[in-house]
Amino acid sequence: MRIVRTTDYKDMSRKAANIISAQVILNPNSVLGLATGSSPIGTYLQLAEWNRKGDCDFAHVSTFNLDEYRGLKADDPQSYHYFMQKNFFGLVNIDIANTHVPDGSNLDAEAACAEYDRIVAEAGYPDLQLLGIGHNGHIGFNEPDEAFSKGTHCVDLTQSTIQANSRLFDSIDDVPRQAYTMGVQTIMNARRILVIASGADKADAVYKMCFGPVTPQVPASILQLHTNCTVVADEDALSLCPAE
Ligand code: F6R
């Protein structure tokens with residue numbers, strides 16, 4: 001695991017965008033794995049700015065998002081589809097037909113997840129997977145568990161995740177209780193992984209991800225076993241990690 005220390009969120013976003021931009025410049029047909037949440041918004045904005053300036057072309061890029069709430073339609077403002085359209089897809093020259101998010105509107109969990117696994121595999125898995133990390137060490141919606149998950153599956157969200165995500169809803173009762181998420185194995189199939197983290201509230205999870213035992217109780221800890229994983233995190237998020 002390579003750790004890149006940044007001063008703050010802005011610096012983290014710029015450095016992460018640089019890594020994604022380099023990937024897309026070197027391979028214009030890149031398959032990118034993408035995340036939602038607060039962590040990647042600055043990265044997406046930076047990429048959008050470079051796209052406007054003509055420095056980063058997404059015309060031939062395809063994308064696969066990690067997850068989606070079960071029961072939300074793509075045009076629901078709380079859906080991850082909508083988030084991606086607003087914060088990234090709508091800001092760059094990507095072909096929307098090449099963007100993929102699990103189909104939360106399909107309540108048949110088995111069919112929705114199997115179809116997503118099929119298209120991710122058909123695309124050959126991401127060249128680069130962008131990840132945020134939850135306070136409990138989750139990646140995607142893979143929560144602490146007795147075993148690492150494999151393919152795309154339906155999960156019951158933990159109370160801590162419902163609580164953390166409620167900031168984006170009118171009330172905690174509106175937060176969906178289930179989601180479809182890529183499994184840990186699918187995430188590990190990406191050729192490169194880029195984790196971003198900012199803020200003191202992520203320090204414990206970042207420490208456990210990078211230096212704790214590899215355990216499904218901290219899903220992100222498995223990234224220690226990936227052969228090409230870079231963590232770009234700010235001082236606050238790295239405050240519990242030893243300075244190199
Ligand atoms: C989002 C996702 C989640 C988030 C994580 C951190 O697609 O998969 O695992 O990356 O919950 O969220 P933020 O960035 O909002 O702190």
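Biologist: On the other side of H4, which residues are exposed?
Modeller: Glu110 and Glu122 are exposed there. Exposed means over 50% relative accessible area, buried under 20%, and partly exposed in between (1.4 Å probe, protein chains only).
Biologist: What should I know about the model?
Modeller: This is a predicted model: local features need pLDDT of at least 70, side-chain atom pairs count only at pLDDT 80 or more, and totals for chains, interfaces and linings use all residues. Residues are numbered from 1 along each chain as its sequence is written, and side-chain values use heavy atoms, with hydrogens and water left out.
Biologist: Which residues are buried in H4?
Modeller: Ala109, Ala112, Cys113, Tyr116, Ile119 and Val120. They cover an arc of only 130 degrees around the axis, which puts them on the same side of H4. The arc is that of the directions from the helix axis to the C-beta atoms.
Biologist: What do the buried residues of H4 pack against?
Modeller: Their partners include strand S3 (62-65), strand S7 (153-156) and helix H6 (184-188). Contact means heavy atoms within 4.5 Å. Helices (H or I, at least four residues) and strands (E, at least two) are DSSP runs, numbered from the N terminus.
Biologist: Now H2. Which residues are buried there?
Modeller: Among them are Tyr44, Leu47 and Trp50. The buried residues of H2 pack against several elements, including helix H1 (9-26) and strand S9 (192-197).
Biologist: And what comes just after H2?
Modeller: Gly54, with a positive phi of about 85 degrees. Just after H4, Gly124 also takes a positive phi of about 85 degrees.
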